[in-house]
Amino acid sequence: MVGYHKWLFVLILICLGHIAYPQQIRVIKYPELREMLDKPGDFTLVVNFWATWCLPCVTEIPHFEKISAQYAKKKVKVLLVSLDAASLLKKKVEPFVVRKGIKSAKVVLLDEPDYNSWIDKVSPEWSGALPFTIIVDSKTNSKKAFERPFTEAELASELKPFIQ
């Protein structure tokens, strides 16, 4: 019986540790982001560019988390790309992710301060304003870009043609 209690205690500690710590947020450079955007497969990729200082971004982030969890079985992946300074990862970005309960969507921080060197490569339709979202069909490489915030209903509506 003592062995059982010991294993139960270890299991509880593991579960609590998983709940207490946010997902691992990696700091990446543009070439790695490009690989993520161009990765072939049988899924739809929803990529949202945001920052903790952007009020419309902060407002819409829960919609992306909900879409990520709700449509996971329909092969939808959500990538949230923070444009905060890399120095703010521990101070701002990680606490924000924990506060917002982001668990289903993958979060990365793009450490590329020269925005003009890569924004047009992501999408020629992007002026650089936030929030910015691009939906990519990884099978056909068809894309649709949005330089505006979304409501939950608007995001679901724009995603529908990609998952039917």
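**Close-up 1. How two helices cross.** Helices here are DSSP runs (H or I, at least four residues) and strands are runs of E (at least two), numbered from the N terminus. This is a predicted model, in which local features need pLDDT of at least 70 and side-chain atom pairs 80 or more, while totals for chains, interfaces and linings use all residues. Residues are numbered from 1 along each chain as its sequence is written, and side-chain values use heavy atoms, without hydrogens and water.

Helix α3 (residues 55-70) packs against helix α6 (residues 152-163) at about 45 degrees, their axes 9 Å apart; axes are lines fitted to C-alpha atoms over the stretch in contact, with angles from 0 to 180 degrees between N-to-C directions. The pair α3 and α6 is therefore oblique.

**Close-up 2. Where α3 meets α6.** From α3 come H63, F64, K66 and I67, and from α6 come E152, L155, A156 and L159 (contact means heavy atoms within 4.5 Å).

Close-up 3. One aromatic cluster brings together Y30, F49, Y115, W118, W126 and F132. Rings of Phe, Tyr and Trp (its six-membered ring) pair if their centres lie within 6.5 Å, counting as stacked with planes under 30 degrees apart, edge-to-face over 60 and tilted for the rest. The count is 10 aromatic pairs.

**Close-up 4. Two backbone spots in loops.** The L130 to P131 peptide bond is cis, with omega near -5 degrees; P131 lies in the loop between α5 (119-122) and β5 (132-137). K75, although not a glycine, has a positive phi of about 60 degrees.

Key:
Parallel < 35°, antiparallel > 145°, perpendicular 65-115°, else oblique.
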